[in-house]
Amino acid sequence: MKNVYCPDCNAALELCTGSGRCAACHKDYRLEARCPVCQQPLEVLKACGAVDYFCRNGHGLISKKRVEFTPV
């Protein structure tokens with residue numbers, strides 16, 4: 001996963017499942033998976049312990065390596 005940065009102070013977030021914490025300004029953020037092509041939110045598909053990402057805007061399944069996480 002690529003580094004995700006705090007929108008307030010630009011420090012790298014400490015990542016947990018579905019969230020990130022900024023050690024510099026002590027804020028927690030929910031992370032949203034976005035399509036690397038259209039920047040729209042992805043649908044998260046969970047089955048049998050696997051997590052996959054699907055773009056409803058015509059880009060299909062998106063590899064975990066390509067998903068961009070954005071703090072909200």
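Author: Accessible areas come from the Shrake-Rupley method with a 1.4 Å probe, and for residues only the protein chains shown count as cover. By that method, the protein has an accessible surface of about 4900 Å², with 51% of it belonging to carbon and sulfur atoms. This is a predicted model, where local features need pLDDT of at least 70 and side-chain atom pairs count only at pLDDT 80 or more, while totals for chains, interfaces and linings use all residues. Residues are numbered from 1 along each chain as its sequence is written, and side-chain values use heavy atoms, leaving out hydrogens and water.

Reader: How many helices and strands does the protein have?

Author: There are zero helices and seven strands. Both are DSSP runs numbered from the N terminus (helices H or I, at least four residues; strands E, at least two), and from the N terminus the elements run β-β-β-β-β-β-β. The C-alpha atoms fill a box of roughly 35 × 30 × 15 Å along the principal axes.

Reader: Why do β4 and β5 count as a pair?

Author: Two strands pair if DSSP finds at least two bridges between them. Five bridges join β4 to β5 (residues 50–55), and the two run antiparallel, so they meet that rule. You can follow two of these bridges yourself: A47 has A50 as its partner in β5, and V44 has Y53. The two strands form a hairpin with two residues between them, and C48 in the turn has a positive phi of about 55°.

Reader: What is the order of strands in the open sheet of three?

Author: The order is β4-β5-β6, with antiparallel pairing. The edges are taken by β4 (43–47) and β6 (60–62); each has a single partner strand, so one side of each is left without a neighbour in the sheet.

Reader: Why is E32 called buried?

Author: Buried means under 20% relative accessible area (exposed is over 50%, partly exposed in between, with a 1.4 Å probe and protein chains only). E32 has a relative accessible area of 17%, so it is buried. You will find E32 in strand β3 (residues 27–34). Leaving aside residues up to four places away in sequence, E32 touches P41, E68, F69, T70 and V72, where a contact means heavy atoms within 4.5 Å.

Reader: How do you know that E32 and R34 make a polar contact?

Author: A polar contact is a pair of N or O atoms within 3.5 Å, one able to donate a hydrogen and the other to accept it within protein; residues adjacent in sequence count only if both atoms are side-chain atoms. The side chains of E32 and R34 make such a contact at 2.7 Å.

Reader: Which residues have the most contacts inside the largest nonpolar core?

Author: They are L13, A33, L42, Y53, I62, V67 and F69, in a core of 14 residues. Such a core is a set of buried Ala, Val, Leu, Ile, Met, Phe, Trp, Tyr and Cys residues joined through side-chain atoms within 4.5 Å. Two or more residues come from each of β3 and β5, and the largest share, three residues, comes from β3. Beyond residues up to four places away in sequence, A33 touches Q40, P41, L42, Y53, V67, E68 and F69.

Reader: How much of the protein is buried?

Author: Buried residues make up 24% of the 72 residues.
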